[in-house]
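Here are a few notes from my pass through this one. Have it open while you read.

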Amino acid sequence: MSEREPFPSIFSTQIKPALEKLEPQRKKLIKRQTAVHLWLVAFLTCFFGLCFIPSHPLPLFFIMIFCFAVCVWNYRKLLEAKKIFVKQYKREVISQIVHAIDPSLNYFPGNKVPCDYYDQSNLYPEGYDVYIGDDYVEGKIGKTIVMFSELEVLRRRSDVENADMSLLFKGIFFVADFNKNFFGQTYVWDKSKRAFNFLNKNNFPFSVDLEKILLESPDFTDRFTTYSNDQVEARYILSPSLMERMVKLASLWDKDISFAFVNSNIMIAIPFKKDLFEPNINNILSEENISPYYELLVMLVDIVEELNLNLRIWNRS
Amino acid sequence: MWILDLLAILIFVSGIVFYNILVTKKNKIDQAYYSIDLMLKKRYDLVPMLVSTVKGYMTHERETLESISQLRSDILTGNLKVNGKVAADNEINSGISSIMLSAEAYPDLKASANFIHLQGALNESEEQLAASRRFLNAAVMDYHNAIEKFPSNMIAGIFGMKRRNFFIVPEKEKEHPVLHINKQA
């Protein structure tokens with residue numbers, strides 16, 4: 001892997017000029033946000049005034065209505081402006097970061113990993129009603145084709161009528177072509193995630209003839225549970241060095257990571273609770289506040305190196 | 001009295017269950033042996049390809065090439081006894097390794113598309129063979145646990161189920177490979 005340019009230098013040469021263009025926009029947004037807050041306070045003052053003044057003066061009522069209308073108008077304008085700001089921020093800043101990390105990668109803010117890959121992975125086999133996502137990155141890192149994006153997958157609760165959606169998965173979904181050919185299906189789940197609900201038939205694709213795989217690495221078996229429909233192929237994929245690397249990767253991310261090896265691809269689900277690439281308009285656009293996005297993207301791109309997927313000594317170039 | 005009948009039925013049913021579990025585990029070992037045989041067969045199938053790819057380049061290794069071709073045909077025709085087969089396996093593997101190491105001295109061979117593909121196929125078969133052997137060891141360990149743990153050890157004792165052998169890496173394969181480069185004339 002070629003030496004990566006340090007973030008401070010990327011920031012000063014490529015990101016800072018874009019941020020300088022965005023900063024006035026962010027300040028305008030802050031002003032608009034303050035205006036919304038002030039009009040809301042004015043509306044609430046009128047509302048409580050009307051409640052506590054026994055004569056309920058009619059002019060105060062009209063002022064309250066006026067404050068409310070202006071507040072709503074400002075709020076809608078704020079949302080519109082915020083949408084444009086986020087779009088521009090992703091196009092100007094995140095895109096620059098992605099290119100700085102690896103010029104062969106392409107970033108599409110509005111796209112997501114196609115649902116076919118998510119379905120094939122069977123990591124969350126419960127079935128879903130809503131599949132949304134953004135911040136899609138694709139390209140070739142060394143010899144390995146990769147794609148990843150944020151995903152949010154929801155399911156309508158069947159037990160309660162008109163109920164809210166329940167969240168199946170939220171986080172990063174990563175797909176890469178694996179460096180070995182295989183035809184079966186092998187799943188590696190974080191033990192903490194699947195240990196207790198594994199016996200629930202709804203949570204597992206029992207149509208597939210899967211067996212538990214007993215592997216030799218104690219560190220690996222302490223952390224993960226492995227199932228596959230081919231005992232030999234599972235061990236062909238999960239070589240001792242790959243198992244070691246997967247444990248290291250899971251410790252590095254400190255998340256309940258799950259892996260699926262299907263159709264000669266490796267798919268990794270990394271759960272996160274928050275949106276990862278959205279800017280916070282209340283934070284000044286500085287190097288300090290931008291570097292977490294860079295670090296996250298570097299960690300994602302480095303999965304290829306961490307798992308040594310560029311080692312193509314088998315018949316899969 | 002009915003309690004004794006119930007107990008007898010319970011013991012009989014448990015006996016059947018434990019026996020079936022032990023048989024499943026024993027069969028898994030056989031399955032692992034078959035998968036090793038299959039992977040070895042895949043590896044042997046690469047020998048003719050290896051010989052035809054390298055013979056034009058390697059003039060000094062003609063003897064090794066002839067010997068592994070002969071060993072392959074002996075193994076496939078089943079002319080060897082069990083001990084002979086194991087020795088032939090080891091011989092063929094060390095022959096392949098030595099040819100691959102010698103290839104370092106032939107830059108034209110190393111750069112040829114056929115050789116690169118062959119190298120990939122050999123690495124793949126090596127890794128698959130290693131996976132089969134790991135499967136065998138896992139199956140043997142699982143079986144040993146079952147025949148030694150209570151109460152399945154009683155059923156194993158009644159039906160004479162004995163310990164099976166783990167796959168152990170031959171001493172020769174544990175040695176670090178030494179690269180002897182033949183200088184081209």
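**Notes on the A/B interface and the cores**

1. First, the contact between the chains: 17 residues of chain A touch 17 residues of chain B. Keep in mind that this is a predicted model.

2. On size, about 1400 Å² is buried between chain A and chain B, and carbon and sulfur atoms supply 54% of that.

3. One to look at joins the side chains of Glu211(A) and Lys28(B), at 2.4 Å from N to O. Five residue pairs, both partners at pLDDT 80 or more, are in polar contact between chain A and chain B.

4. Where does chain A's side come from? The elements giving two or more residues to the side that touches chain B are α6 (231-237) and α7 (240-253) of chain A. The largest share, four residues, is from α6(A). By type, the residues on that side of chain A split into nine nonpolar, four polar and four charged.

5. The largest nonpolar core counts 67 residues, and Leu238(A), Met246(A), Phe259(A), Phe261(A) and Leu307(A) have the most contacts inside it. Helix α2 (residues 58-101) of chain A gives this core its largest share, ten residues.

6. Leu238(A) is worth a click: leaving aside residues up to four places away in sequence, its contacts include Met246(A) and Phe261(A), along with Arg134(B) from the other chain.

7. Apart from that core there is another, of 44 residues, including Ala105(B), Ala121(B), Phe135(B) and Ala146(B).

Conventions
Residues numbered from 1 in each chain as written. Chains lettered and ligands numbered in written order. Predicted model: local features only at pLDDT ≥ 70, side-chain atom pairs only at ≥ 80, totals over all residues. Heavy atoms only, no water. Contact = heavy atoms within 4.5 Å. Buried area = accessible area lost by both parts, 1.4 Å probe. Salt bridge = Lys/Arg side-chain N within 4 Å of Asp/Glu carboxyl O. Polar contact = N/O pair within 3.5 Å; in protein donor to acceptor, adjacent residues only side chain to side chain. Nonpolar A, V, L, I, M, F, W, Y, C, P; charged D, E, K, R; others polar. Core = buried A, V, L, I, M, F, W, Y, C linked by side-chain atoms within 4.5 Å. Buried < 20%, exposed > 50% of the residue type's maximum accessible area, 1.4 Å probe, protein only.
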